[in-house]
Amino acid sequence: GKLVWEFPAQRPYHMNAAAAAHGDRIFTSAYLDLGGASLGAKLIALDLNGKQVWEYRGAGGWSGAVVAGGKVCVGSSTEPFFVCLDSNGNGDGTTNVVWRSKVDGVFEESVPAIYGDKLFVLCSDEYLHAFR
């Protein structure tokens with residue numbers, strides 16, 4: 001129950017999604033708020049001491065991430081894409097896109113689930129999407 005560290009929301013960004021963790025990384029997302037509309041979403045990777053390792057703009061926001069096999073996967077609440085990123089990053093504050101898929105909506109308050117070789121996530125286009 002002892003607080004070890006905290007990571008601030010980096011105003012003017014807000015954080016409103018479930019964090020994910022795997023190995024030596026913690027993943028959280030942030031967004032800019034414009035009167036209740038999510039803008040400028042980004043996914044942030046932290047180390048186990050709460051220090052930012054990398055960020056990727058265009059993912060996250062109101063959507064949580066899932067991690068498996070050295071990859072972090074997350075939708076965007078601001079852009080019509082679901083992305084899979086290298087969870088380790090490049091050592092310079094950036095990371096690589098493993099794949100990116102366009103959909104007909106955004107991902108709001110959704111957290112992906114993995115089962116077998118598929119990833120499942122709900123989208124504002126009113127579909128449950130399955131990715132391999």
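**First stop: a salt-bridge network**

Select Lys42, Glu55 and Arg57: salt bridges link these residues into a network. Keep in mind as you look around that this is a predicted model. Zoom in on the Arg57 and Glu55 side chains, which form a salt bridge with an N to O distance of 3.0 Å. Is Arg57 buried or exposed? Arg57 is exposed, because its relative accessibility comes to 52%, and the cut-off for that label is over 50%.

**The other salt bridges**

Now jump to Arg25 and Asp24. Their salt bridge has its closest N and O atoms 3.5 Å apart. Which of these is buried? Arg25 is, with a relative accessible area of 13%, while Asp24 is partly exposed at 41%.

**Zoom out: the whole protein**

Switch to a cartoon view. You'll see twelve strands and zero helices. Walking from the N terminus, the elements read β-β-β-β-β-β-β-β-β-β-β-β.

If you like to check dimensions, the C-alpha atoms fill a box of roughly 40 × 40 × 30 Å along the principal axes. What radius of gyration does the protein have? The protein has 14 Å, which agrees with the value near 14 Å that a compact globule of 132 residues would have.

Turn on a surface for a moment. The protein exposes about 7200 Å², and carbon and sulfur atoms supply 52% of that area. As for what the surface covers, 45% of the 132 residues count as buried. If you draw contacts between residues at least 6 apart in sequence, 38% of them join residues at least 24 apart.

**The four-stranded sheet**

Hide the surface and select β6, β7, β8 and β9. These four strands make an open sheet in the order β6-β7-β8-β9, with antiparallel pairing. β6 (65-68) and β9 stand at the edges with a single partner strand each, so one side of each has no neighbour in the sheet. Look along the sheet and you can follow its twist, which averages 15 degrees from one strand to the next.

- For a landmark, click Val67, which stands opposite Val72 in β7.
- β7 (residues 71-75) and β8: the pairing is again antiparallel, this time over five bridges. The two strands form a hairpin, with five residues between them.
- β8 and β9 (residues 97-102): five bridges join these antiparallel strands.

Stay on β8 (residues 81-86) for a moment. How many of its six residues are buried? Six of the six are, leaving the strand mostly covered.

**Last stop: Ala18**

Finish by selecting Ala18, in the loop between β1 (13-14) and β2 (20-22). Ala18 counts as partly exposed, because its relative accessibility is 46%. Which residues does Ala18 contact, leaving aside neighbours within four places in sequence? Show Phe27, Gly64, Ala65 and Val111: Ala18 is in contact with each of them.

For one more distance, draw a line from the C-alpha atom of Ala18 to that of Tyr115. The two residues are 97 apart along the chain, and the line spans 19 Å.

Notes. Residues numbered from 1 in each chain as written. Predicted model: local features only at pLDDT ≥ 70, side-chain atom pairs only at ≥ 80, totals over all residues. Heavy atoms only, no water. Buried < 20%, exposed > 50% of the residue type's maximum accessible area, 1.4 Å probe, protein only. Pairing = 2+ DSSP bridges. Contact = heavy atoms within 4.5 Å. Salt bridge = Lys/Arg side-chain N within 4 Å of Asp/Glu carboxyl O. Rg over C-alpha atoms; globule rule 2.2 N^0.38 Å. Areas by Shrake-Rupley, 256 points an atom, 1.4 Å probe, with all protein chains shown as cover. Axes fitted to C-alpha atoms, helices over the stretch in contact; angles between N-to-C directions.
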